[in-house]
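Subject: Structure handover

Hello,

Please find the structure below, with the sequence. My notes come after it.

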Amino acid sequence: MPQEAQPFVEALEPLEGADPLPPLPGPGGVVSLALPPVPAGPRELVLVRSGIGLVNAAAALATVLTAVRPEIVVSAGTAGGLGRQVEVGDVCVSDTLSYTDADATAFGYAPGQVPGMPVLYAGDTRSLDLLGGRLEALRRATPSSGAARLHRGLMLAGQSFVTAQNVAGTRETFPASLSTDMESTALAQVAAGAGVPFVSVRGVSDLCGPEAGQEFHIGVEEAAARSAALVLSLLA
């Protein structure tokens with residue numbers, strides 16, 4: 001969404017002289033931004049706003065990969081919290097990823113597995129280890145609370161919103177899951193097919209099934225800012 005892209009636009013300047021990027025097939029957009037330079041020279045962040053949903057996400061990334069060979073693909077933005085240990089405002093990072101609503105179990109496949117594809121997609125281990133040391137960046141992004149936590153584990157994505165009314169089935173099928181969104185696993189699948197490392201870094205904007213006494217919602221902008229703070233710290 002535009003709110004998820006905005007923290008990167010505000011933090012970075014357009015990259016002058018960047019190679020042209022292909023137009024996206026869906027409702028989103030793509031732009032080259034300049035990351036802080038390193039001794040080897042300037043670096044480029046290709047910021048892709050895909051639009052919502054698995055197909056929009058996969059189509060956008062596949063299109064960009066025809067023109068760009070990135071060092072890593074990062075799915076940034078917001079997610080709904082599934083794990084009972086996850087609170088609104090926390091950030092989840094993907095040790096593994098699966099589909100919330102893919103179900104070919106009648107043919108012997110695991111829940112969340114698309115036939116012929118892996119049971120799970122793995123997050124990039126090096127990036128995950130680096131993210132674990134970036135808690136200070138998360139704290140700087142949450143000066144009002146200072147309480148946001150980082151969770152590493154299974155993240156889900158699907159075509160359907162998970163709500164308090166239907167969360168029980170998802171938690172039963174995926175008891176270890178931390179969060180769900182509508183893009184990350186599709187992006188992981190495209191990245192895996194292209195042989196590019198991938199990680200999802202999502203700020204929790206709401207809880208799919210809040211417990212009594214839990215805050216269940218914050219603004220999309222605030223959750224996206226927390227995700228972006230960690231991603232920018234990682235890329236630095």
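The notes below cover the strands, the nonpolar cores and the helices.

This is a predicted model, in which local features need pLDDT of at least 70 and side-chain atom pairs count only at pLDDT 80 or more, while totals for chains, interfaces and linings use all residues. Residues are numbered from 1 along each chain as its sequence is written, and side-chain values use heavy atoms, with hydrogens and water left out.

Strands. Helices (H or I, at least four residues) and strands (E, at least two) are DSSP runs, numbered from the N terminus. In strand E4 (residues 73–81), 7 of the 9 residues are buried, so E4 is largely enclosed by the rest of the structure. Buried means under 20% relative accessible area, exposed over 50%, and partly exposed in between, with a 1.4 Å probe and protein chains only. Two strands pair if DSSP finds at least two bridges between them. E4 runs parallel to strand E9 (residues 198–207), joined by 9 bridges; alanine 79 has valine 204 in E9 as its bridge partner. With strand E8 (residues 177–181), E4 pairs in the antiparallel sense over 2 bridges, and there glycine 81 is partnered by serine 179.

Cores. A nonpolar core is a set of buried Ala, Val, Leu, Ile, Met, Phe, Trp, Tyr and Cys residues joined through side-chain atoms within 4.5 Å. The largest one has 25 residues, of which Val73, Cys92, Leu97, Tyr99 and Phe198 touch the most other members. Two or more residues each come from helix H2 (54–65), strand E5 (91–99), strand E7 (150–157), helix H6 (184–194) and E9. H6 gives the largest share, 5 residues. A second, separate core has 20 residues, including Leu47, Leu128, Val201 and Leu230.

Contact means heavy atoms within 4.5 Å. Leaving aside neighbours within four places in sequence, the contacts of tyrosine 99 include Leu54, Tyr121, Phe174, Thr185 and Ala186.

Helices. Among the buried residues of H6 are Thr185, Ala186, Leu187 and Val190. Just after H6, glycine 195 takes a positive phi of about 70 degrees.

Helix H1 (residues 2–11) packs on helix H7 (residues 220–235) at an angle of about 50 degrees, with axes 8 Å apart. Axes are lines fitted to C-alpha atoms, for helices over the stretch in contact, and angles run from 0 to 180 degrees between N-to-C directions. The residues of H1 that meet H7 include Pro7 and Phe8, and those on the H7 side include Ala224 and Val231.

Regards
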